[in-house]
Amino acid sequence: MKKLLLSLFAFFMALSAFSQTYDVRETVMSDRDRASGCEGPYRFDAAPQTPSPKGYEPFYISHYGRHGSRYMWKSSTYSVIKEILDAAKKSNSLTEAGEKMYEAYSEFFLIPFVNTGDLTELGARQHAGIAAQMCDEFPQVFAKGGRVVARASVSPRAITSMSAFCVSLQKNAPGMDIEMNSLHSNLVVVYPVDAPDELQQKFVNNPKLPSRDALEYLRARHYDEITDRLFSSKDFLEDMGGRSRFVSELFALWAGYHNYCDLDFLEGLFTPEEIADFWEVENLSCYISHGGDRYRNIPLLMDIVEYADEAIAGGPVKCHLRFGHDTVLNAFIPLLNLNGGGYMPDRAEDVKYWFQSYNCPKAANVQFVLYRSKKNPDILFKVLLNNSEAELPQLTPVSGPYYRWSDFKTWAEEVRDAHVEK
């Protein structure tokens with residue numbers, strides 16, 4: 001453990017200097033999907049895979065995936081905007097741009113509102129595409145048949161995502177025997193925040209996190225600019241929660257509505273600088289809410305280790321699939337320290353260099369792909385984040401993105417033992 005911690009400390013010191021040499025905000029301002037953070041759609045833009053070391057072939061995959069594109073998760077996003085636009089119309093407080101927004105939103109509102117939280121057609125296509133991609137890139141895993149076990153949270157959008165994935169997997173790997181279930185007893189692994197009290201496990205979880213309010217000024221400085229574009233008078237807003245309530249919900253709608261709507265009536269409403277500021281605040285909030293809860297996901301980590309060991313021992317399951325939510329992935333990525341994302345910066349303004357919410361779009365996923373050789377007893381693996389090969393800086397790679405499974409298992413057990421509440 002001491003050796004791993006020392007190597008991790010050295011890595012963080014080197015990466016800290018590097019992290020300041022690029023501008024995440026520029027990435028956000030130039031990429032609409034990334035600017036949407038966790039509300040953005042899945043991006044099939046990963047680089048080609050690195051060939052495995054000579055003699056090694058994949059034989060098992062362990063996966064955790066977020067549900068695909070959905071309507072907004074809470075109906076109040078839709079209803080707050082409608083109520084405020086209706087009030088502005090009634091008080092003759094709409095500018096010309098506000099009138100256009102009012103007309104477009106009135107036509108748009110009903111279907112998203114009644115479908116709040118539901119998976120969209122795009123969401124189902126995303127998971128079907130990820131399954132097809134998995135079969136195409138790792139045909140050896142599925143070539144001789146075997147079992148696939150899929151588990152989902154009890155959320156309808158997670159269940160529908162699982163179904164879309166497994167239907168596509170069956171189409172592309174017809175020899176597989178696929179088992180699907182959605183049980184409350186799964187939740188301690190796939191969605192621990194909702195797990196039954198009797199199954200909850202307690203872990204020491206006291207990370208030092210910056211203040212949630214530390215960057216709020218970034219949003220606040222744009223409230224008047226944005227509301228002035230839509231309203232000729234803002235007096236009525238004070239009785240409806242104020243500028244912050246309206247603008248915050250408006251940005252949330254902007255971030256997510258392309259998951260289910262081809263209209264562009266919100267495009268151009270925010271400037272690139274406003275988008276970057278709002279994203280940075282939302283990114284910090286996401287980091288504090290999710291990334292700070294990383295140790296709660298140790299059961300998922302150990303579930304991956306346990307079932308991978310069964311596959312290594314010759315078990316019949318060739319692929320374990322898990323379907324859940326961004327609250328898990330945004331904590332699991334730092335827990336794994338994927339690409340150095342386990343570092344906890346002290347300053348709120350530095351969070352964006354270590355944690356980016358756009359790494360957890362709709363249908364985001366982490367895959368552990370295990371490899372074996374007939375000539376070498378070492379089991380190797382690599383980790384994919386949204387199908388892109390990821391680094392585990394706390395481990396020493398064998399070659400490129402490939403690591404020894406024994407090293408990872410030792411590290412995972414040390415993390416578990418260090419954080420189990422005694």
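What share of contacts in the chain between residues at least 6 apart in sequence joins residues at least 24 apart? The share is 81%, where contact means heavy atoms within 4.5 Å. This is a predicted model: local features need pLDDT of at least 70, side-chain atom pairs count only at pLDDT 80 or more, and totals for chains, interfaces and linings use all residues. Residues are numbered from 1 along each chain as its sequence is written, and side-chain values use heavy atoms, with hydrogens and water left out.

View 1. Helices (H or I, at least four residues) and strands (E, at least two) are DSSP runs, numbered from the N terminus. Along the principal axes, the C-alpha atoms fill a box of roughly 75 × 45 × 45 Å.

**View 2. Of the 422 residues, 55% count as buried.** Buried means under 20% relative accessible area (1.4 Å probe, protein chains only). The chain exposes about 18300 Å². Carbon and sulfur atoms supply 52% of that area. Accessible areas come from the Shrake-Rupley method with a 1.4 Å probe.

**View 3. The largest pocket holds about 820 Å³ of space.** A pocket is an open set of points on a 1 Å grid over the protein atoms alone, where a 1.4 Å probe fits, with protein on both sides within 12 Å along at least five of seven lines. The volume is the space filled by probe spheres set on the points. Helices H13 (242-256), H14 (272-289) and H16 (326-336) are the elements that each give two or more residues to the lining.

**View 4. The lining of the largest pocket counts 34 residues.** Lining residues have an atom within 4 Å of a point. Glu39, Arg70, Trp73, Glu282 and Asp326 lie nearest the pocket centre. By class, the lining has eleven nonpolar, 13 polar and ten charged residues. Asp, Glu, Lys and Arg count as charged; Ala, Val, Leu, Ile, Met, Phe, Trp, Tyr, Cys and Pro as nonpolar; the others, Gly among them, as polar.

**View 5. Asn386 sits in the loop between strands S6 (380-385) and S7 (388-390).** Most residues other than glycine have a negative phi. Asn386 has a positive phi of about 55 degrees. Asn386 is buried, at 9% relative accessibility. Asn387 lies in the loop between S6 and S7. Its phi is positive too, near 70 degrees. Asn387 is buried, at 4%.

Definitions and conventions: Buried < 20%, exposed > 50% of the residue type's maximum accessible area, 1.4 Å probe, protein only.
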